[in-house]
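Take a moment to turn the model around before reading on. We'll go from the whole chain down to single residues.

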Amino acid sequence: LDAHYRSFEHEVLPELVARDIGVLGMKSLADGKIVESGAASPQECIRYALSLPTSVVICGIDTPEVLAQNVDIARTFQPLAPTEKSALLGRTRAAADGGRYETFKTTHDHDGTSQHPHWLEEARI
């Protein structure tokens with residue numbers, strides 16, 4: 001979803017690579033929303049994230065089945081071919097519309113500092 005809306009991949013990742021800064025990939029399944037939408041499978045989402053110039057992709061694991069799935073994805077990993085990437089981006093475009101599944105980009109719900117502005121005052125001490 002990121003590739004379509006306020007894209008970390010397009011806006012930030014190139015600068016990190018240029019500065020030789022390690023990149024931690026997170027939320028490759030958009031908190032499960034992209035899979036729930038039917039736009040992509042967990043395997044496609046993780047392969048997409050691993051195909052980017054990331055140092056590591058951090059995947060949530062909440063069941064033994066998800067652990068086994070993620071281990072299998074890592075063991076059999078092949079970067080997405082350009083045609084696979086293009087097809088995946090085409091299927092995810094509608095789900096990405098307006099960032100509705102990426103609320104960390106569209107709200108302050110995940111912003112601890114906005115929820116605790118006193119942190120900024122405490123940091124000045």
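First, some ground rules. This is a predicted model, so a local feature needs pLDDT of at least 70 and side-chain atom pairs count only at pLDDT 80 or more, while totals for chains, interfaces and linings use all residues. Residues are numbered from 1 along each chain as its sequence is written, and side-chain values use heavy atoms, with hydrogens and water left out.

Let's start with the overall layout. The chain has nine helices and two strands, where helices (H or I, at least four residues) and strands (E, at least two) are DSSP runs numbered from the N terminus. Read from the N terminus, the order is α-α-β-α-α-β-α-α-α-α-α. The C-alpha trace spans about 50 × 30 × 30 Å along its principal axes. Of the 125 residues, 27% are buried; here buried means under 20% relative accessible area, exposed means over 50%, and partly exposed is in between (1.4 Å probe, protein chains only).

As for the surface, the chain exposes about 8,400 Å², and carbon and sulfur atoms supply 56% of that; accessible areas come from the Shrake-Rupley method with a 1.4 Å probe, and for residues only the protein chains shown count as cover. On the charge side, there are 12 positive and 18 negative side chains, and the centres of the two sets lie 4 Å apart. In that count Lys and Arg are positive, Asp and Glu are negative, and His and the chain ends are not counted; each charge is placed at NZ of Lys, CZ of Arg, CG of Asp or CD of Glu.

Now zoom in on α4, residues 42-51. Its buried residues are Pro42, Cys45, Ile46, Arg47, Tyr48 and Ala49. What covers them? The cover includes α1 (8-11), α3, β2 (56-57), α5 and α6.

Arg47 is worth a stop. This residue of α4 is one of the buried set. Beyond its neighbours within four places in sequence, Arg47 is in contact with Ile73, Phe77, Gln78, Pro79, Leu80 and Glu84. Take Gln78 from that list: Gln78 is 31 residues from Arg47 along the chain, yet their C-alpha atoms are separated by 7.4 Å. Gln78 itself is in the loop between α5 (64-75) and α6, and it counts as exposed because its relative accessibility is 52%.

With 15 residues (82-96) at 1.5 Å a residue, α6 should span 21 Å, and its end C-alpha atoms are 20 Å apart, so the two agree; the expected span is 1.5 Å times one less than the number of residues. There is a bend of about 30 degrees at Gly90 in α6, taken as the angle between axes fitted to the seven residues ending there and the seven starting there. Leu88, Thr92, Ala95 and Ala96 are the buried residues of α6, and they pack against α3 (33-37) and α4. An α-helix has 3.6 residues a turn, so residues three or four places apart point the same way. After α6 comes Gly98, with a positive phi near 70 degrees.

Two residues other than glycine also have positive phi. Asp20 is near 60 degrees; it sits in the loop between α2 (13-18) and β1 and, at 72% relative accessibility, counts as exposed. Lys27, at about 60 degrees, is in the loop between β1 and α3 and counts as exposed at 51%.

Leu29 is also in the loop between β1 (24-25) and α3. Is Leu29 exposed or partly exposed? Its relative accessibility is 21%, so Leu29 counts as partly exposed. Leaving out neighbours within four places in sequence, Leu29 is in contact with Ile34, Val35, Pro42, Cys45 and Ile46. Of these, Pro42, Cys45 and Ile46 are buried residues of α4.

Terms used: Contact means heavy atoms within 4.5 Å.
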